[in-house]
Amino acid sequence: MSFFRKLSRFFDNEHYKKNPVAQNLTEEQFIALNVGAINAEQTGYYCDSLTTGADVEGIKENLENYYGIEDRESAIGTLQWLFGRGHRVFFDAVKGAASGKAGAIDYNELEDDEHERADEFLENLQSAVDGLIEEKFLTSREDLASHSITAWDMGRFVLVTRCCFDAEYISEEEAWHCINNALAECREFYSSWEELASDYVIGRAMWSGYGMTLIGIMTKAQNLLSDAESPWKRVQFSKSDK
């Protein structure tokens, strides 16, 4: 374990916050909510309820500042983007070059004004590869080509959905529809929390590059995978494991 990882663990105080009001969630609902568990640990949101437990005005401010969401229309537009496209389109464009299996970024699925962002994402990913390998979220640089960052987009999709529900931009029925769809989408790619965690971290690495923030995210993911109190330890991810 690296020095910075140890330092991050020292200051990390996850509590897997629970809603004091029993929610009577089904197991599938609990699993679906915890597709966004890393995000919930970042923000201190409840791990066992649709509502986040956070101050609504603060939620609205964050939605506007980080996602440009300020009403129902912008909420639906952002949710549609996260679920339908997200950063996956960038990862698919750069992963060949990042893994060494292609000589350049594949710009074919990107808009002209997205090329510069793809260049930035490639640099970020390249800067993080050694750290991802060291912390065992990636087996080798070449292995990048076999990954998806569906987990990164779906984790944020669950977080934003919950926030939009608390802000009353979408209904409870709409929120659960989104969150259940996120789980279904992840199950197309992953059979375990471990697989989901790795691709979430890789997605974050592409977005931010290597640094203390990524190290903190890696620590949260590893804690979720190993801590006895973690919501990921309460349930199996895959239906076939039940």
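**Close-up views of a predicted model**

Helix α8 contributes five residues to the lining of the largest pocket, the most of any element. The model shown in these views is predicted.

**View 1. Largest pocket.** The volume of the largest pocket is about 470 Å³. Its lining comprises 18 residues, and those closest to the pocket centre are Gln-42, Tyr-66, Tyr-67, Leu-159 and Arg-204. Two or more lining residues come from each of α3 (37–43), α4, α8 and α10 (193–208). Sorted by class, the lining of the largest pocket holds 11 nonpolar, five polar and two charged residues.

**View 2. Crossing of helices α4 and α8.** Helix α4 (residues 56–67) and helix α8 (residues 150–166) have axes that come within 9 Å and cross at roughly 135 degrees. Angles from 65 to 115 degrees count as roughly perpendicular and those over 145 as roughly antiparallel; α4 and α8 are therefore oblique to each other. Their crossing is left-handed. On the α4 side, the contact is made by Val-56, Ile-59, Leu-63 and Tyr-67, and on the α8 side by Arg-156, Leu-159, Val-160, Cys-163, Cys-164 and Asp-166. The contact of α4 with α8 has eight nonpolar and two charged residues, with no polar ones.

**View 3. Second largest pocket.** A volume of about 150 Å³ is computed for the second largest pocket. Of its 12 lining residues, Trp-193, Glu-194, Trp-232, Val-235 and Gln-236 are the closest to the centre. Helices α10, α11 (212–226) and α12 (231–234) each supply at least two residues of this lining. By class, six residues lining the second largest pocket are nonpolar, three polar and three charged.

Notes: Residues numbered from 1 in each chain as written. Predicted model: local features only at pLDDT ≥ 70, side-chain atom pairs only at ≥ 80, totals over all residues. Heavy atoms only, no water. Axes fitted to C-alpha atoms, helices over the stretch in contact; angles between N-to-C directions. Helix = DSSP H or I, 4+ residues; strand = E, 2+ residues; numbered from the N terminus. Parallel < 35°, antiparallel > 145°, perpendicular 65-115°, else oblique. Left-handed = near helix turned anticlockwise from the far one by under 90°. Contact = heavy atoms within 4.5 Å. Nonpolar A, V, L, I, M, F, W, Y, C, P; charged D, E, K, R; others polar. 1 Å grid on protein atoms, 1.4 Å probe; cavity = no way out; pocket = protein on both sides within 12 Å on 5 of 7 lines; lining within 4 Å. Points joined across faces, edges and corners; volume = space filled by probe spheres on them.
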